[in-house]
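Here is a short walk through one protein model. Keep the sequence beside the 3D view as you read.

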Amino acid sequence: MANNDETRGFKSLFDWFANRRKTESISIERQEREIADGLWHKCTKCGVLTYTKDLKANQMVCIECGHHNRVDSDERINQLIDANTWTAMDEHLLPTDPLQFRDRKSYSDRLRDMQEKTGLTDAVRTGLGEINGLAIALGVMDFRFIGASMGSVVGEKLTRLIEQATQRRYPVVIICTSGGARMQEGLLSLMQMAKVSAALELHRQQKLLYIPVLTNPTTGGVTASFAMLGDIILAEPKATIGFAGRRVIEQTLREKLPEDFQSAEDLLKHGFVDEIIPRTQLKKTLTQLIALHQPPAMTANNNLLVWETTTKLNHTVVTEQ
């Protein structure tokens, strides 16, 4: 009996320590969760804690290491478009399930869950607005919605945006991010590549500007179509940009790829990207490019307005001769 009591006492003591460790670990997890969901943000790259308000003021770019955190479409629009100038387009378009596709759950249920979770109808928002006073047609892809995969609604909304921009003679900017074509829509998803590309060709024939901005990640059918058809192609630092995945390419080639393969910096080196622009400088850069490429019919006094806009951005004074 004594031995049994000692054994029971030993087990009780052991259980007490085990329960204490469990309680402490739960407390640590709870504290980390409160930090992540509250006033502070922990950078996934450098691990530095940043006051959330300061991070948002810096457009979700880490102040310490410059890591560009992913932002949703609402934040993108607020960062780029002048206040009270945004007019959304085609928000009534809703995706359907023509193939009755089902994996772990039906495509219809997946769409409904994403719409409730994100408040979006699909993976892109389009509209007209102004950027530092200059008219623009803007499309913003949102990775939260099924990885910003390109389905029928994404292709249709972008096509309508480009057609509207061509009619109004507006420049087009598309903030690209995507995991590729939407497999749940099969061939219908792949058809969007050709449809958007055709609309961009008509836009180009009118000598109008198109600028895609490649963010992390931009892959698959989006990269294989409109993301690489820009007159000037911009990218955010360290963004992953490519068509097939790294592992697929390594298995196909049977060789190890460089560490910076499919990065924005590697694509810039090989001429696939024209410039890498930090997010904090994107609005200013887009404004300068749009101002310099305005059609003559949209400017006044022999392009004087263009030069005034550009020089004001650089905080210089233009004196007319």
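Buried means under 20% relative accessible area, exposed means over 50%, and partly exposed covers what lies in between. The model is predicted. Tyr51 has a relative accessibility of 30%, so Tyr51 counts as partly exposed.

Which residue pairs with Tyr51? The partner is Trp40. The two ring centres lie 5.6 Å apart. Their planes make an angle of 55 degrees, and the pair is tilted. Trp40 sits in strand 1, residues 40-42. Tyr51 sits in strand 2, residues 49-51. A search of the whole structure turns up 1 aromatic pair.

Another ring has a charged neighbour. Arg70 lies over the face of Phe143. The distance to the ring centre is 4.2 Å.

Next, look at two helices. Helix 3 spans residues 73-80, and helix 10 spans residues 282-292. Their axes come within 9 Å. The crossing angle is roughly 60 degrees. Helix 3 is therefore oblique to helix 10. Which residues make the contact? Helix 3 brings Arg76, Gln79 and Leu80. Helix 10 brings Leu282, Lys283 and Leu286. By type, the contact residues divide into 3 nonpolar, 1 polar and 2 charged.

Now turn to the backbone. Asp90 is found in the loop between strand 3 (87-89) and helix 4 (107-118). Gln100 is found in the loop between strand 3 and helix 4 as well.

Is each residue buried or exposed? Asp90 has a relative accessible area of 14%, so Asp90 is buried. Gln100 has a relative accessible area of 64%, so Gln100 is exposed.

One more backbone feature remains. Where is there a cis peptide bond? The bond joins Asn216 and Pro217. Omega there is about -10 degrees. Pro217 belongs to strand 7, which covers residues 210-218.

Notes:
Residues are numbered from 1 along each chain as its sequence is written. This is a predicted model: local features need pLDDT of at least 70, side-chain atom pairs count only at pLDDT 80 or more; totals for chains, interfaces and linings use all residues. Side-chain values use heavy atoms; hydrogens and water are left out. Axes are lines fitted to C-alpha atoms, for helices over the stretch in contact, and angles run from 0 to 180 degrees between N-to-C directions. Helices (H or I, at least four residues) and strands (E, at least two) are DSSP runs, numbered from the N terminus. Angles under 35 degrees count as roughly parallel, over 145 as roughly antiparallel, 65 to 115 as roughly perpendicular and the rest as oblique. Contact means heavy atoms within 4.5 Å. Ala, Val, Leu, Ile, Met, Phe, Trp, Tyr, Cys and Pro count as nonpolar, Asp, Glu, Lys and Arg as charged, and the others, Gly among them, as polar. Rings of Phe, Tyr and Trp (its six-membered ring) pair if their centres lie within 6.5 Å; planes under 30 degrees apart count as stacked, over 60 as edge-to-face and the rest as tilted. Buried means under 20% relative accessible area, exposed over 50%, partly exposed in between (1.4 Å probe, protein chains only). A charge sits over a ring if NZ of Lys or CZ of Arg is within 6 Å of the ring centre and within 35 degrees of the ring normal.
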